[in-house]
Amino acid sequence: MTTGTEGMTAPSRDGQAGPGVAVVAGAGGPLGRATSLALAAAGFTVVGVDRNEQGLKELPASIRSEVADATDPTAAAAVIERIAGEVGSPAVLVNTIGAFQLGDALAATPDGLRLMIDVNLGAALWLSQAVAPHMRQRGSGAIVHVTSRPALEPTAGMAAYSVSKAALAHLIRILDAELRPNGIRVNAVAPQLLDTPTNRTIFPPEVLAHAVEPEVIAGLIAFLVSDAAAPVSGAILPAYGA
C-alpha cells in the first residue's frame, strides 16, 4: 500500500529540511510505533511521546522519544513546548492514544467513564490545544486523531468506550471548523479492530479475521498528513477491514 507521501520533500515553513517535525503521541504502542516509522520513512523528524517509557524503547535510536502523560493538560502542554524549543515547531500531530473497556451502559461506573474520557478524549483535546499555537504561527499544520467504528455506529456492550470515542469524533469536527481557517487540517482514522498482540489474547479467531494491521493504519495516517491530502480536512476515514 502506498503512503501518499508525494510532494513532501520541500523545506518546511520554519526552514527545516524535509516536511518538518511530527509528534506521535502513543508511540509506545503498536499503532504509534508503526506510525512513527512510517512518518520517519516519509522524511519527517519524528518525536514519539508516551507515558509508557518501556514501549518507547522499542523505537529506533533515530526517533527521539519523550515520556509524558498527555491525559494531563499541564504535561501535554509542557512536552509540546519542549519539543518545539529543542527540535522545532510541530508541523504534524498524530494522536494514537486510546484505552478500551467492555461494559453495558447500565453497568457503567464513574471511574470507568472518567478513565475512558480522560484517555480517549482528554489527551486529544490537550495535545491539540498545545500544538495549535505553533501551527497557527507556521500558517499550516496537520492533526490526525484515532477514533473507532463504535464512535460512529452505536455498539452494545462497550458503552463508556463508545461514548468517549464518539465525543472524540465530534471534537475532530469542531477542531476542523476552528482551525481550518488557519491552514490547519484536522482528520481522523476509525479502525474497527487492530491486529495487535493484546487483541489476539482477547478476541476469538473469527473476530480477528477482520482485524487490520497497525502498519496499514499507519499508511493511512501518513497519507492524511501528506501534501497529497491537502484538500482533506474534517474527515473521519473508516478503516474497518475486510
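**Helix packing, burial and salt bridges**

In this predicted model, the axes of helix α3 (residues 73-86) and helix α4 (residues 110-138) come within 8 Å of each other and cross at roughly 30 degrees. Axes are lines fitted to C-alpha atoms over the stretch in contact, with angles from 0 to 180 degrees between N-to-C directions; helices are DSSP runs (H or I, at least four residues), strands likewise (E, at least two), numbered from the N terminus. Contact (heavy atoms within 4.5 Å) is made by P73, A76, A77, I80, E81 and A84 of α3 and by W126, L127, A130, V131 and H134 of α4.

Residues are numbered from 1 along each chain as its sequence is written. Local features need pLDDT of at least 70, side-chain atom pairs count only at pLDDT 80 or more, totals for chains, interfaces and linings use all residues, and side-chain values use heavy atoms, without hydrogens and water.

Helix α9 (residues 214-224) is mostly covered, eight of its 11 residues being buried (under 20% relative accessible area; exposed is over 50%, partly exposed in between; 1.4 Å probe, protein chains only). Among the elements covering these buried residues are α1 (30-41), β4 (90-95) and β5 (141-146).

Eight salt bridges are counted, each a side-chain nitrogen of Lys or Arg within 4 Å of a carboxyl oxygen of Asp or Glu. In one, the closest N and O atoms of R64 and E86 are 2.3 Å apart. R64 lies in strand β3 and E86 in helix α3, so this pair ties together parts 22 residues apart in sequence. R64 is partly exposed at 29%, and E86 is exposed at 52%. R64, E66, R82 and E86 are linked in a network of salt bridges.
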